[in-house]
Each structure stands twice: as structure tokens, then as C-alpha cells.
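Good morning, and thank you for coming.

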Amino acid sequence: MTITTDARAARERSTGPAIEAEHLVKRFGDMTAVDDVSFSVPQGSVLGLLGPNGAGKTTTVRMMTTLSTPTSGTARVAGHDVRTDPEAVRHSMGLTGQAATVDEFLTGRENILLMGSLYGLSKTQIRSASDELLERFSLTDAGDKVVKEYSGGMRRRLDLAVSLIAAPRVLFLDEPTTGLDPRSRVELWEVLRALVADGTTLLLTTQYLEEADQLADRIVVIDHGRIIAEGTPLELKDQSGKAALVVTVSHADQLEAARGLLASHVREVHVDEGARQLTAPADGLADVTRIASVFDGSEIVLDDLGLKRPSLDDVFLHLTGRRAEEATEEVGDEVTDDTEPDPKGGRP
Amino acid sequence: MSDTTVRHDVATARSARLTIEPPGLWKQVRTHVWRNIKHIRRMPEMLADVTFQPIMFVVLFAYVFGGSINAGVNYREWLLPGIMAQTMAFSCFVVAIGLTNDLNKGIIDRFRSLPISRASVLIGRSISSLIHSSIGIVVMAVTGLLIGWRIHNGFGKAVLGFALLLLFGFAMMWFGILAGSRLKSAEAVQGVMFTAVFPLTFLADTFAPAANMSPAWLRTIAEWNPISSLVRAMRELWGNTVPLAPDSALPLHHPVLSTVIWSVLLTAVLAPLSIRAFNHRTTD
């Protein structure tokens, strides 16, 4: 990854954190959507705000981007307080909201022109900037097409391009890849990595554990409006314990026999009947070879046997006692104002 | 060419762009108007309400009902200011639907995250709707000229008539902003606005003389309807009218003044309500 001299300069200029949340609280009537959330994001780094739907991620971002007033507490973006100097906050950050908020009746180029002129850039500045941005986001060919004809991934990329027109030092991305197919998601990750290499500070919310794992330097896990864990992806994975051995049995009627066999070689076995899977704690690859030979000598037919390192999914399970998907179903829609389309897309 | 070169160019240009002054309110408003006009150009069918629809009304009333309506004067001349007023009253639909769509699609949030005046969105929306309706007025005028409508009292009064029409349109904008901020979907806006505005334009001195309406209370409502004042004012200024029935309600005796008063009054009541509704909808 290339780090330009510019980005280096920007990093050297860095003094305080780019984003700070200080005891943010947001209540809607009796409902507390965000409950005493504090964190800080150093310049040029990426913070992943991770949690299921309805956890309070969007509300947190809305408060930090001046769209919503905190009930108490405050936040600072590039050193500017959202309560006392919202105008300066708006000057120093870009926001890509949950739904791709580009104008679908304008072309890609016109969308960039729209935001560029609202930022006060001149026509010539916008022209050269939009050429760069469209190229950077692989939209050069689509630049003069009306956004209505864009795919979901293209809209997202344009959305991001539009947010970058005024070169914000801090960028908020609310579920940037929700509703994208896996390929577009990976493409967008690449773009985000390039931005960070250029010295941009990112705060992204996501319900995809993999995404936070891939992009974030630090992760804040939030559930029911509260921070329940914080750390680097590695630290969080360590919290959730060891790797696991996963055995998938070919025939459901052999599951019980397999369980018995496995149980005599490991400390404990977890059975998932639907998936015909047995899970047991493991220390490393040696366990895989050991258990493989055990099953080799038996009648039991296996589909798969392997080592599963803890994912952030396991972290979530460990922290909340439930899987991220279950949490989504339980809690329901993200609680913000009702003008937002609700992101129903489950996990891929 | 290496990736490094490209990325470096981008980075340099990006930092150069950081020293930009925010635009003044007027430039922001112009940008919003530009966007809304682009929408009309992308979706010419948006203009149906100010083209086909009023033309249809002209044809319907001038040729279908016209023979049976006794206005005491050349009905087609008498009718035209009425349809122009109706077209202008309907322009609040455009504001309301545009606003609701923008709110629902989250684009208003995006604007709110920019360092721009929050009023610029509403001002831009109102100006583009007035432009939208003005297209309708031109279409109406041409249609009118084709079917025999004429302005008889000279240029000055003609302009004053159109100015009153725009003034009333401006007052109706606020109603559009109110509805657009309160209602949650374009469908709801269509339904509610149609139910509210459509009768308002008929229960007036627009298509049939209010003086012939009975029972008497219906006539009173029609004559106090702001649209009746506007229509009467245009007819007087353009010479498309008949002498007023002496027992008509007070506003119709001073139609120009009443139109101004009605417009100011509507704005004074609706503007604070609609700005409050918009702020309420966009802040939490």
C-alpha cells in the first residue's frame, strides 16, 4: 500500500484524536438508544463500531455528525465540539449514510457537482476532482449515466466518492456495505484501505463481524446502546478463548455415535443437530490430526473436519450470549428516526 | 504508470481543495434549484400537472360544461384565470412530493451534514416549484390565446395579474412544505393534498360563478375562499369579468387588496408551522 508524502505530512500534523465521543447519551422518550458511549479515534486510524441492528450505532453516528442532538454528553470531530461548534464539525467531516444517499435522477458526475458546489468549490475544481474521483472508484464509464441505472455497488462507490469531494479528514460510514454482494463488498474495502493510506480517519459502523475484522484498527462492540467490549480485533478474539475443532458428519443417524467417539477424546462436545456438526475446544492443528485418525478408524463418514479460529462472531456470542444474527431478529430495526429505510438485509 | 503517481496526484489535489470558502446562501439556493430543474428535465412527466392536466381542464370546461354554465360573459375568457389559479394552487403538490421524497431517501440528511444553511433546501425547493408552476402559466396562457382568451387592459395590469398569481403561489408553497414535512410518503401527500386542495379550487369563483351557488352558506364559503379573490383580481385586471353582484362577500369588492392580504395571512400562519414541522422532522 502506498503512503504518499501528503499523508505522511498529515500524520505528522496530528495532535489530538480525530474523533472523540464523551459519555454520549440519546433517549427517545422512555427508550435509551445510546447509553453513555465514550471512545476516541486517533488520526489516520479506523474504528469499527460493531453491533446488531438496533444497537445504537446509527444514532451514535448521527450525534457525531450533528444530525441529532445528544441528550447528554458530547462528541468532538477534528477537535470541534458537536454541541458548541456544529458548523466546524460539518466542515471537517464527510458522511456516507446508511442508505446510499445519492440523487438517483442525476448522473454520477452531476451528483459530485451538486455536493461540490454546495461545498463552494468552483466549476473547474469540481471538474478535475470528479474526474479523479470517478477514476478512483472505477466509475469513469458510468459517470454520465443516471444513477437510477447503477447497481448497488456502484451507488455505494458513488456515495463514497461524493463524500470525498471536499477531501474531509474524517469520514463517517454508516454500514457502508449493507446490501452489497460479496464482490462489491471486497472492492469497497479496497477503496477504504486506500483512503486510510492517504491519512483519512474512518469511523465505520457495521453488523458484519468480518468487516470490522478486515478494516478496523480498533473495534467498539455496542449492544442495547452500551459499549460491551473494546479493543483491537486480536484482543477481542483472545477474549473469546481458544480455537475450536469442528466435525461435520455426513449422515444424521451417525451424529450420536460421532459425539460419543469425540467425547472420549476431548474435554467437551457441543452438538448442532441441524448442521450435523460437533464442536470441541482445540489447541491447534495437532488436535485436528489426532481426531482425524480417531474417525479414520471408525465407521463414521465425515463431510468435513477442521480447525475454526475464533471469529468476531464468537466474540459476540461470548460477550452477549447470543449470535449476532439472533440479536438482529430479537431487537428488530435500528431505532433512529423513521425517515430511514430499514436495512433488512440479513447476513450474507 | 504506477499506482503511486496516481495516488499522489489525487492526494495533492485533495489537500489543495481544503482551502475552500463555503458558498453564500444564494449560491446554495441556486444549486438546489439546479438540482430540482434537472429532475424535471430527467422526468418530463413531472410536468404533466402543469401541462396536460390544465389543458384538459380548459377543454373540459370550455367545451363540455361551458355551454351549460352561465357566467354572463364569454365563458372561455372568464374561465382562464380560474384554471390558472387552480394550477398555481396545485403547485404546492410539487413542493410537498419533492420534499417527502428527499426526506425519505435520506438526501436531506446528507444536505444537513454539509456546512450549508439549512434553509437553502426549502428556499431552493420553493423557487423551483414557482418555476415549475410558471411553466404551467405559460402553457395556460398559450392555450387560452388559442381558444379566444385575451388580456384587454394593457401591459401594466397584465403584469400585476401574473404577479398576484405568483404571490399566491408563494403562500401555497408553505402549505406544500407543511404537508411534505408532516406526511411520510409521496402517496400520502398525493392523497391528502388532493383531498384538501382539489375541493378548495372548485369551491370558489373558478369554474362556475360563486354567485350562483346555493345554499347561501356554500356561496359565502366560496366567496371568502382566497382563490376567489385571486381569480376575481385577475379577471378585473385582465378585463375578463362581469360586474360583481352587489350582494357578494366583502373580499370580492376589493379583490387585489384581498389577494395580497390573503397571501400575507396564509404565509404568516403557514410559514412558522411548516418550518417547525420541517425542523421537527429533521431533528431528533
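Predicted model: local features only at pLDDT ≥ 70, side-chain atom pairs only at ≥ 80, totals over all residues.

Please turn to chain B, where the axes of helix α4(B), residues 75-104, and helix α10(B), residues 226-238, come within 9 Å and cross at roughly 135°. Because angles of 65 to 115 degrees count as roughly perpendicular and those over 145 as roughly antiparallel, α4(B) is described as oblique to α10(B). The crossing of these two helices is right-handed.

Which residues make the contact? From α4(B) come B:Trp78, B:Pro81, B:Gly82, B:Met84, B:Ala85 and B:Ala89. From α10(B) come B:Ile227, B:Leu230, B:Val231, B:Met234, B:Arg235 and B:Trp238. Of the residues in this contact, ten are nonpolar, one is polar and one is charged.

Let us now move to chain A. Here four strands form an open sheet with antiparallel pairing, and their order is β2-β1-β4-β5. In general, strands of a sheet pair through backbone hydrogen bonds. The edges of the chain A sheet are β2, residues 31-41, and β5, residues 80-81, each of which pairs on one side only.

How many bridges join β1(A) and β2(A)? There are seven, and β1(A) covers residues 19-28. As one particular pairing, A:Lys26 has A:Val34 of β2(A) as its bridge partner.

Thank you for your attention.

Terms used:
Residues numbered from 1 in each chain as written. Chains lettered and ligands numbered in written order. Heavy atoms only, no water. Pairing = 2+ DSSP bridges. Axes fitted to C-alpha atoms, helices over the stretch in contact; angles between N-to-C directions. Parallel < 35°, antiparallel > 145°, perpendicular 65-115°, else oblique. Left-handed = near helix turned anticlockwise from the far one by under 90°. Contact = heavy atoms within 4.5 Å. Nonpolar A, V, L, I, M, F, W, Y, C, P; charged D, E, K, R; others polar.
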